[in-house]
Amino acid sequence: MLSNNNSILKVGDWVKGKSRDGELFIGYIESLDILDEKVNATITSSDDESIVGKIIPISTNGVKKLPDPKVKNKAQIQNLIDLALATGDEEWFLELSEKLNSMRELVKGV
């Protein structure tokens, strides 16, 4: 875990910021470099299409953690499960699967 301005950053967190060249981006943290205070982020969206899909190093001061999504329904969880599978994030996949199973159990009990 690394700390930046207002939050603690960890692998898997969604972040936004500006690249060294000033392009806006959104991505998620792949790894942390505690000594150099940098994160390596996979870019999912950017003004610069050439960096989309790439992992780039960014100073922790150059990123802002995005708020966790507020999942409200089964379809949203299923979409996030697809994203977790696509990104290979097993921990997130298991967390989301547990939420989906809890929703199913709740519906069965009604």
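This is a predicted model: local features need pLDDT of at least 70, side-chain atom pairs count only at pLDDT 80 or more; totals for chains, interfaces and linings use all residues.
Two residues are taken to be in contact when heavy atoms lie within 4.5 Å of each other. Setting aside neighbours within four places in sequence, Ile 51 touches Ile 43, Ser 46 and Ile 56.

Ile 51, Ile 43 and Ile 56 also turn up together in the largest nonpolar core, a set of 11 residues. A second, separate core holds 7 residues, among them Ile 77, Trp 92, Leu 96 and Leu 100. In soluble globular proteins, nonpolar side chains tend to be buried together.

Now for the bigger picture. The protein chain has 2 helices and 7 strands, and its elements run β-β-β-β-β-β-β-α-α from the N terminus on. Of its 110 residues, 28% count as buried. The chain exposes about 7600 Å², and carbon and sulfur atoms supply 52% of that area. Among contacts with a separation of 6 or more, 34% join residues 24 or more positions apart.

Strand 3 runs antiparallel to strand 4 (residues 24-33), and 5 bridges join the two; here Trp 14 has Tyr 28 as its bridge partner. These two strands make a hairpin with 5 residues between them, and Gly 22 in the turn has a positive phi of about 95°. Strand 3 also pairs with strand 7 (residues 63-65), again in the antiparallel sense, over 3 bridges. In that pairing, Lys 16 stands opposite Lys 64.

Back in strand 4 sits Leu 24. Is Leu 24 buried, partly exposed or exposed? Leu 24 has a relative accessible area of 46%, so it counts as partly exposed, the category between under 20% and over 50%. Beyond its neighbours within four places in sequence, Leu 24 is in contact with Gly 17, Lys 18, Ser 45, Ser 46 and Asp 47. Ser 45 is 21 residues away along the chain, yet the C-alpha atoms of Leu 24 and Ser 45 are separated by 8.4 Å.

How values were computed: Residues are numbered from 1 along each chain as its sequence is written. Side-chain values use heavy atoms; hydrogens and water are left out. Two strands pair if DSSP finds at least two bridges between them. Helices (H or I, at least four residues) and strands (E, at least two) are DSSP runs, numbered from the N terminus. Buried means under 20% relative accessible area, exposed over 50%, partly exposed in between (1.4 Å probe, protein chains only). Accessible areas come from the Shrake-Rupley method with a 1.4 Å probe; for residues, only the protein chains shown count as cover. A nonpolar core is a set of buried Ala, Val, Leu, Ile, Met, Phe, Trp, Tyr and Cys residues joined through side-chain atoms within 4.5 Å.
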